[in-house]
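Have a look at the display, then read on.

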Amino acid sequence: MLSQLARLTVEADGRYATSEELQFLKDYIESLDTRASAYQKIQAAEAEVLSQLEAKWAANENLFGQGNNKLNVSTCQRDLKNMIRYTATTVLSSDLDRLRESCLLWYQTIVRAYKYGHIANITYPLLNELMKQFLSAEEAALASPVLGLNQVILGKT
């Protein structure tokens, strides 16, 4: 939403915006209660979601590799906690562009460096399913595109 507003400010420079150009603001305002509720539910469920994901990670013995190639699980846990928080903020702000530009492209570099894109390909679909346990259908519909974007950008190999 903030990125859209910034673009509109540039595009409508020297004139008033049209009703069509302002529609995204109306849509955002109409969805704000649902967005705020989803944000709060994600915040409240963070520890449980992480616990369930860790259990699913543990069930997949080869997920983190073995021996010298073994990835640092605690680093992945920390990073996932941050991504859950970024996801909640993006659901609240309705600004996928900002998430992509300010977080995901930077984080993608880290994922590539540590070669754990395969973990993102497994984790984000699981996370999407887990979120549905804690969110209403309407709230989950707002979170799902964010989690999908996370997977697309971070799961690239």
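Helices (H or I, at least four residues) and strands (E, at least two) are DSSP runs, numbered from the N terminus. This is a predicted model, in which local features need pLDDT of at least 70, side-chain atom pairs count only at pLDDT 80 or more, and totals for chains, interfaces and linings use all residues. Residues are numbered from 1 along each chain as its sequence is written, and side-chain values use heavy atoms, with hydrogens and water left out.

**Helix α4 and its end**
- Helix α4 (96–114) bends by about 40° at Leu104; the bend is the angle between axes fitted to the seven residues ending at a residue and the seven starting there.
- Leu99, Cys103, Leu104, Tyr107, Gln108 and Val111 of α4 are buried, meaning under 20% relative accessible area with a 1.4 Å probe and protein chains only.
- An α-helix has 3.6 residues a turn, so residues three or four places apart point the same way.
- The buried residues of α4 pack against α3, α5 and α6 (137–154).

**The enclosed cavity**
- A cavity is a set of points on a 1 Å grid over the protein atoms alone where a 1.4 Å probe fits but cannot get out, and lining residues have an atom within 4 Å of a point.
- Searching the whole structure turns up one cavity of 30 Å³ or more.
- The largest cavity has a volume of about 110 Å³, where volume is the space filled by probe spheres set on the points, and grid points are joined across faces, edges and corners.
- Its lining includes Trp57, Asp79, Tyr107, Val111, Thr123 and Leu154.
- α5 gives the largest share of this lining, four residues.
- Ten nonpolar, one polar and one charged residues make up the lining of the largest cavity; Ala, Val, Leu, Ile, Met, Phe, Trp, Tyr, Cys and Pro count as nonpolar, Asp, Glu, Lys and Arg as charged, and the others, Gly among them, as polar.

**The open pocket**
- A pocket is an open set of points with protein on both sides within 12 Å along at least five of seven lines, and the largest pocket has a volume of about 170 Å³.
- Of its 14 lining residues, Arg35, Thr90, Ser94, Asp95 and Leu96 are the closest to the centre.
- Two or more lining residues come from each of α1 (2–11), α3, α4 and α6.

**Thr34 in α2**
- Thr34 lies in helix α2 (residues 19–59) and counts as buried because its relative accessibility is 15%.
- Beyond its neighbours within four places in sequence, Thr34 is in contact (heavy atoms within 4.5 Å) with Glu138, Glu139 and Leu142.

Definitions and conventions: Buried means under 20% relative accessible area, exposed over 50%, partly exposed in between (1.4 Å probe, protein chains only).
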